[in-house]
Amino acid sequence: MGSSRSSLRRVPDGQQLLQETGFSAAVLLRLHQRFQFLDKDSRGHLRSEDLEAELSENPIGDRIVGAFFQPGQETVDFPSFVRVLAHFRPTEKNRTRDGVQPEPANSRNRKLKFAFQLYDQDRDGKISRTELLQVLREMLGLQVTEEQLQSIAERAIQEADLDRDDAICFDKFRKSLEKVDIDHKMSVRFLE
Amino acid sequence: NATKHKAFPVLELNYDYVRMPFEISLWILLALLMKLGFHIIPRISHIVPESCLLIFVGLLIGGVIKAIQEKAPVMDTKLFFLYLLPPIILDAGYFLPIRAFTENMGTILVFAVVGTLWNAFFIGGMMFAVCQIEAAAAAHVSLLSCLLFGSIISAVDPVAVLAVFEEIHINELLHILVFGESLLNDAVTVVLYHLFEEFSHADTVTVGDAFLGVVSFFVVSLGGILVGVIYGVLGAFTSRFTSHFRVIEPLFVFLYSYMAYLSAEVFHLSGIMSLIACGVVMRPYVEANISHKSYTTIKYFLKMWSSVSETLIFIFLGVSTVEGPHNWNWIFVVFTLVFCLLSRVLGVVGLTFIINKFRIVKLTKKDQFIVAYGGLRGAIAFSLGYLIHQDEGSKDTRGMFLTAIITVIFFTVFVQGMTIRPLVELLAVKKKKESKPSINEEIHTQFLDHLLTGIEDICGHYGHHHWKDKLNRFNKTYVKKWLIAGERSSEPQLISFYNKMEMKQAMMLVESGSAAKLP
């Protein structure tokens, strides 16, 4: 631990990120190594091509890559990279709730928000029918007809949409995932 | 004399001719009537688990049979392993919640393999110590016999666990942990049992023998799985061609899985693991191929068979208790009970400490308690105890072992089985959330799976999601084409889920509508 803390100096904003994200020093170091590996030309930041190369087979790869970039920006530096990944840190049970600190990125609420924003590309706080159709099209690909996609989207909106505005808002999104153990489903065990 | 005719030429009393099938039918009828009875009597099934009542009925029947000086049928080991156990295991394996199972695979494996090993050696060693210290009549029991005893008594029983846990509706995580453990520890039990029995006949045991024992554990478990997978693929492949002859579809499923079980048992591989592997492999492909009616038939037949088998097992357990050879040894029985409980608790706490370092969702104190407390012993232990060779010298030992095994079974099924429901209430353990399957949930879950696969790939950390994705891809590109007929082979999961839901809703609409919509 001591050695990893001291070598943390090579990581930009190391100490602050440690606090902010809740990652351990060892994990942060490892992520930094990975960052440098992805950063093929050692520019100190990643462009979307760097990430896309890893996700070429993922049907929603573009969305995931998009989530790393602030609107309007073309690059992502290490601190922002880690901040995004912090959403996927496993939740600790015995977290002290003092209410003063801001909600950590790995809380159930923020995890869900992160997923929700991947659907909600225009960021208006709702998953519209077109947005849902787009996701379904990406996930199901060419294997199904447009009609089938339409009927599934129709059904999904009908099921979740109680106030009949033809869209799914965050609350309804959260409600439909109530049964799912989000702490478990949206967490990655980061290696040290 | 020979020419003397009977009053009625054909009529005759010949009970021996029908004796066997008639008595089997009677037993099954009795089992069904009991089951029915317990469901009709209000509230009793809330207090006492059904399995306790069934054992109690078995005890009564055994007593009656003994009183009229007939020979009661004891639970024959062959009958149990070849006819009563497979339906229960197939039902469990075929409807295994695969998602929960694979996500907790590591934990389940550690509990099943390391936990059972620990229990077997701890109980075996401790009981050997007890036999030495006490001047009780147990000094002649050898270390190997004690270890054999430990390996029999340490296996958590899938039948008993299922019977009790089905009723209390505990949350999915705890259910799959205890249940998965009970299914997978069969491999360990089989190996330990056969190993110690072989060792006890050999004169010397070397380090090499012990090493071969470890190797044979892998052979038994992996071989069992391999046999199951082969039959599963065969079953899936066969179901591809049944579209013109629908009535035999269910039978293919049953036959292939039963043959997987038997083929594994031929080589002393783990039949239970083979059966589970067969069910798990076969199900997705078979369900895509067969008709909806055949699917319903398979489902209800499995449920019916397993429930009847389970009922029979518990009744037989009761009957055999009255009949079986007994040799009550206070010290041995009491210490067995104490060490069974102690080793289970120590094992679960110790292993959880290690496992929690690797799990995303940690096991809480409550979880540990329920896992430790839910480790019921059942008919497998009893049947294995019966299997112990009846050498002349060890006749007392066998009786003593059987009595101790029965006591432990009764203690776990009665005391732990009856108290687990109030304890779950008292500790406020999360219950199963029952609700309708929703299309949103299905879409979002798949979306999250893709998301997590993506995140793992970005981190360069190849974990659970990464391998699942690889397996799905492999399945989609190579396997499905061969095992699923027609256009359904390229149908994504979401579409089949949607179709199934539509079908269910349409059927419900028809059922309720015909009555409600009449003017």
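Val18(B) is partly exposed, with 33% relative accessible area; on this scale, buried means under 20%, exposed over 50% and partly exposed in between, using a 1.4 Å probe and protein chains only. The model is a predicted one, so local features need pLDDT of at least 70 and side-chain atom pairs count only at pLDDT 80 or more, while totals for chains, interfaces and linings use all residues. Residues are numbered from 1 along each chain as its sequence is written, chains are lettered from A and ligands numbered from 1 in the order in which they are written, and side-chain values use heavy atoms, with hydrogens and water left out.

Back to Val18(B): this residue sits in helix H1 of chain B, residues 15-40. Helices (H or I, at least four residues) and strands (E, at least two) are DSSP runs, numbered from the N terminus. Val18(B) also belongs to a nonpolar surface patch of about 940 Å², alongside Tyr15(B), Tyr17(B), Phe22(B), Leu26(B), Leu29(B), Leu33(B), Leu36(B) and Ile40(B). Patch members have over 30% relative accessible area and no salt bridge; nonpolar side chains (Val, Leu, Ile, Met, Phe, Trp, Tyr) are joined within 5 Å, and like charges within 9 Å.

Glu50(B) lies in helix H3 of chain B, residues 50-67. With a relative accessibility of 11%, Glu50(B) counts as buried. Leaving aside residues up to four places away in sequence, Glu50(B) touches Lys35(B), Phe38(B), His39(B) and Glu167(B), where contact means heavy atoms within 4.5 Å. With Lys35(B) there is also a side-chain polar contact of 2.6 Å. A polar contact is a pair of N or O atoms within 3.5 Å; within protein, one must be able to donate a hydrogen and the other to accept it, and residues adjacent in sequence count only if both atoms are side-chain atoms.

Thr403(B), in helix H17 (residues 395-427) of chain B, is buried too, at 4% relative accessibility. A polar atom of the Thr403(B) side chain lies 2.7 Å from the backbone oxygen of Gly399(B). Beyond four places in sequence, Thr403(B) touches Pro325(B), His326(B), Asn327(B) and Trp328(B). Val424(B) is 21 residues from Thr403(B) along the chain, and their C-alpha atoms are separated by 30 Å.

Turning to chain A, there are 11 helices and 4 strands. Of its 192 residues, 45% are buried. Among contacts between residues at least 6 apart in sequence, 54% join residues at least 24 apart. The accessible surface of chain A comes to about 10300 Å², with 46% belonging to carbon and sulfur atoms; such areas come from the Shrake-Rupley method with a 1.4 Å probe, and for residues only the protein chains shown count as cover.

As for the interface, 54 residues of chain A are in contact with 41 residues of chain B. The two chains bury about 4600 Å² between them, 68% of it on carbon and sulfur atoms. On the chain A side, Arg155(A), Lys179(A) and Lys185(A) lose the most area to chain B, together 16% of what that side buries. Buried area is the accessible area (1.4 Å probe) that two parts lose on being put together, summed over both. Between the chains there are 3 salt bridges, a salt bridge being a side-chain nitrogen of Lys or Arg within 4 Å of a carboxyl oxygen of Asp or Glu. Arg155(A) forms a salt bridge with Glu502(B), the closest N and O atoms being 2.1 Å apart. H9(A) supplies the largest share of the chain A side that touches chain B, 7 residues.
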